[in-house]
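Keep the picture open beside the text and look up each residue as it comes along.

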Amino acid sequence: MVTQPYHRQNLAAAIQQVARQQLEEAGANQLSLRQIARVLAVTPAAVYRHFPDKASLLANLKTTIQAEVTATLRMGVLDSADAPTMLRQMVTNLLTYQHDHPYGIQFVLTGDLSVPQSLTTVVTLYAAQQQLTLEPQSAALAVWTYLVGVLVLLPTIPVVEKQVTSQLISLLGG
């Protein structure tokens, strides 16, 4: 249930909150606009006024979760000027987010995932610090592809940050 009462102005936010909760608990396939209406004690028509169909609500959730993943990647990365430490922090952040939001990660992996700019920056810095001749965009794409592959494997195969970071450093030629 939504913790605060809502008014017409914030019904869309309440819908998004309940939808996110459903997504996190059971995945995107189990999300139901009618169930959201029941939880919020409104008519289904009220929900459909804000989101005409499930696809539009899912698109909104995908944008939100992708922004969270991008922000999560950056958390604490600039606490060090050492690129391998930055890369390790990014991996730790991503694995922690996946652990906390497995259905959210699974959901965003179903669509287009562009390489986060923060990852490209760290890979470029890593190459410069290690004196590697890498094309930053291609190297960042390779790193992001590897990280997405790791996320797909989780949680069925346990992964440790140290192993992932080691593989990434090897992939970058360091």
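## Around helix 8

The buried residues of helix 8 are covered by, among others, helix 4, helix 5, helix 6, helix 7 and helix 9. Here contact means heavy atoms within 4.5 Å, and helices (H or I, at least four residues) are DSSP runs numbered from the N terminus. Before we go on, please note that this is a predicted model, in which local features need pLDDT of at least 70 and side-chain atom pairs count only at pLDDT 80 or more, while totals for chains, interfaces and linings use all residues. Residues are numbered from 1 along each chain as its sequence is written, and side-chain values use heavy atoms, with hydrogens and water left out.

Which residues of helix 8 are buried? They are Ala139, Ala140, Val143, Trp144, Leu147, Val148, Val150 and Leu151. Buried means under 20% relative accessible area, exposed means over 50%, and partly exposed lies in between (1.4 Å probe, protein chains only). Helix 8 has 18 residues, and its first and last C-alpha atoms are 26 Å apart, close to the 26 Å expected at 1.5 Å a residue. The expected span is 1.5 Å times one less than the number of residues in the helix.

With a relative accessible area of 2%, leucine 94 is buried. Setting aside neighbours within four places in sequence, leucine 94 touches Val69, Leu73, Trp144, Leu147 and Leu151. Leucine 94 and valine 148 are 54 residues apart in sequence, and their C-alpha atoms are 9.7 Å apart in space.

Threonine 120 belongs to helix 7 and is buried, at a relative accessible area of 6%. Not counting residues up to four places away in sequence, threonine 120 is in contact with Val115, Pro136, Gln137 and Ala140.

Now turn to helix 4. Its 21 residues should span 30 Å at 1.5 Å a residue, and its end C-alpha atoms are 31 Å apart, which agrees. In helix 4 the buried residues are Leu57, Leu58, Leu61, Lys62, Ile65, Val69, Thr72 and Leu73. They lie on the same side of helix 4, because they cover an arc of only 135° around the axis. The arc is that of the directions from the helix axis to the C-beta atoms. The elements covering these residues include helix 1, helix 2, helix 5, helix 6, helix 7 and helix 8. Just after helix 4, glycine 76 has a positive phi of about 75°.

In helix 2, Leu33, Ile36, Ala37, Val39 and Leu40 are buried. Seen down the axis, these residues fall within an arc of 160°, so they line one face of helix 2. Their cover includes helix 1, helix 3 and helix 4.

## Salt bridges

How many salt bridges does a search of the whole structure find? The search finds 3. A salt bridge is a side-chain nitrogen of Lys or Arg within 4 Å of a carboxyl oxygen of Asp or Glu.

| Pair | N to O distance |
|---|---|
| Glutamate 24 and arginine 20 | 2.8 Å |
| Glutamate 68 and arginine 20 | 2.7 Å |
| Arginine 88 and glutamate 161 | 3.7 Å |

Arg20, Glu24 and Glu68 are linked in a network of salt bridges. Glutamate 24 and arginine 20 are 4 residues apart in helix 1, so about one helical turn separates them. The pair of glutamate 68 in helix 4 and arginine 20 in helix 1 links distant parts of the chain, 48 residues apart. Is arginine 20 buried or exposed? Arginine 20 is buried, with a relative accessible area of 14%, whereas glutamate 68 is partly exposed at 27%.

Arginine 88 is partly exposed, at 34% relative accessibility.

Technical notes: Helices (H or I, at least four residues) and strands (E, at least two) are DSSP runs, numbered from the N terminus.
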